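Please read them with the structure open.

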Amino acid sequence: MTTAAVIGGGVIGGGWVARFLLNGWDVNVFDPDPEAAGKIGAVLDNARRSLPGVLDVALPPEGHLRFHNSIADAVADVNWVQESVSERLDLKQQTLAQIQSACRADAVVGSSTSGFKPSDLQLGAARPGQIMVCHPFNPVYLLPLVEVVTPETCCPVIVERALELLRGIGMHPLHLRREIDGHVADRLLEAIWREALWLVKDGIATTGEIDDAIRLGFGLRWAQMGLFETYRIAGGEGGMAHFLTQFGPALNWPWSKLTDVPELTDTLVARIAEQSDAQSGAHTIQELERRRDTNLVALLRALKAQDHGAGAVLAAQERQMRQGQMLGQRTEGIEDPAAPVLTLRRVVPLDWTDYNGHMTEAKYLQAFGDATDRFMELIGCDADYIASGRSYFTAETHIRHLDEVHAGTMLEVRTRVLGGGGKKMHLWHEMRAGGAVVATGEHFLLHVSLETRRPSDPSEAIDRALRRFVAAQSDMPKPAGAGRAIGPPR
Ligand SMILES: NC(=O)C1=CN([C@@H]2O[C@H](COP(=O)(O)OP(=O)(O)OC[C@H]3O[C@@H](n4cnc5c(N)ncnc54)[C@H](O)[C@@H]3O)[C@@H](O)[C@H]2O)C=CC1
Ligand SMILES: C[N+](C)(C)CC(=O)CC(=O)[O-]
């Protein structure tokens, strides 16, 4: 079991708590603020609502969360300490000294600092090599990026372990070996933030118009391709070189304010706050967080389907989790073929729900289709078998919706084989939530040749595996609802 200590449980510390906990780590927290537990609870509510559904496999069981009254108690014997106190160098150095006086010498000590360099944090430390910057992005439980800044002073063994552990919890460590104030991403964000403040100060655009300029246009491009790849395309067939020749001169024109910062006078602060109230004041922060998270989940899932950008990080995590769950597993490994087989375990994602506030009907077919795919893998009809030109096609499906299912619900599908052998496979899926059956899916499939697209006999091994289930389950009572046609309940 991996255990983390999070020191400072505000916006970012709370996000780390959620990221670690939902990926199965135990988490110790120290924060002197009496409100800390409540604040972390609210972040956890948001994370539980959004993160598990980003993946199409179930995350490991949640770890245990414990609050401690001292840094020493919180960090004793943990694998990872994440310092997330307020952005003040003296406070961070003091806190890191307390952490190092009680934590293991081989633990990772990461700091969430947005701007300080590791060498600032390591100054006067007992074991400087243990301290590195691990700068995440809000919301930490959903966004994969973490800037890991490790100059030569850092211990390479601890750094390697940090990178591996971060990948294991679905994060993408951007490993920077040269330190710089503000790291990479915040340097970029600061530049655009400064320009935005000037645009408001000069009365050119409101806060809402600036947000539209980002989210309706280049923000969408950035979310999936970043800056350089986007501009390469903008150069047409001439690519980046042509782009730079064409638009390079504009960089010398006085478009941007570069490092100038508008003075944040009371008048400017009031103007920005008023515009922001007009833009978003009708919603609470929690409503905005949930809207942000719902949209992020939809974007992340879309990118995961393309195995691209942030979605590629998730796809890799999912592949790794699936492999861990099913490595080499075949029906011969199933001890009791008479028992329905677990073929799906996942959480209903936010974007599977509809205008009625529950799981939309198309997603039942997706869940049952995924369960069928898993069953096919179990009997040997896996990617290699399909690549050899043979597979199953579904010929008929009957789904019954027995109870409502909402976003965030853990679903399990167990599968029985009502008939099988030769070209035919007749499956019965039962979907349960919290123990109750919420839907059933009955599916009739035919084994086919992918060359002729016609029914064909399966391999002997698949035929044997199927018949093993049929024989073991033949004495079981027929499931209620099997073979039913649409009509009044019988
Ligand atoms: N808010 C953001 O968007 C991001 C912030 N960060 C970084 O994360 C760190 C924390 O920032 P936020 O979470 O935004 O601040 P925050 O103000 O929300 O939380 C800071 C927490 O630290 C606690 N704290 C203060 N002194 C402490 C001590 N001696 N021991 C333990 N806890 C203590 C406070 O009670 C508070 O709960 C900063 O270094 C910041 O630069 C990094 C990425 C994004
Ligand atoms: C505003 N900020 C500098 C604290 C932002 C970050 O550090 C990263 C983020 O989440 O945007």
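Which residues does the UniProt annotation "domain: 3-hydroxyacyl-CoA dehydrogenase C-terminal" cover?

1. The annotation covers residues 182–249, according to UniProt, where the entry is unreviewed. Keep in mind that the model is a predicted one. Over residues 182–249 the chain is 76% helix. Strand accounts for 0% there. The end C-alpha atoms of this stretch are 28 Å apart.

2. Now the domain layout. The protein is divided into domain 1 (3–183), domain 2 (188–282) and domain 3 (333–473). Taken over C-alpha atoms, the centres of domain 1 and domain 2 are separated by 31 Å.

3. Next, ligand 1. There are 24 residues around ligand 1. Those that come nearest are Gly8, Gly10, Ile12, Asp33 and Ser114. Two or more residues of the shell come from each of α1 (11–22), α4 (89–100) and β6 (131–136). The largest share is that of α1, with three residues.

4. What is the make-up of the shell around ligand 1 by class? It has 12 polar residues, nine nonpolar and three charged.

5. Then ligand 2. The residues around ligand 2 are Ser114, Phe137, Asn138, Asp186 and Leu189. By class, this shell divides into two polar, two nonpolar and one charged.

Conventions:
Residues are numbered from 1 along each chain as its sequence is written. Chains are lettered from A and ligands numbered from 1 in the order in which they are written. This is a predicted model: local features need pLDDT of at least 70, side-chain atom pairs count only at pLDDT 80 or more; totals for chains, interfaces and linings use all residues. Domain bounds come from an automatic or database domain assignment. A residue is near a molecule or strand if its C-beta atom, placed from the backbone, lies within 6 Å of it. Ala, Val, Leu, Ile, Met, Phe, Trp, Tyr, Cys and Pro count as nonpolar, Asp, Glu, Lys and Arg as charged, and the others, Gly among them, as polar. UniProt positions are given in the numbering used here, feature names are shortened, and annotations may be inferred rather than shown by experiment. Helices (H or I, at least four residues) and strands (E, at least two) are DSSP runs, numbered from the N terminus.
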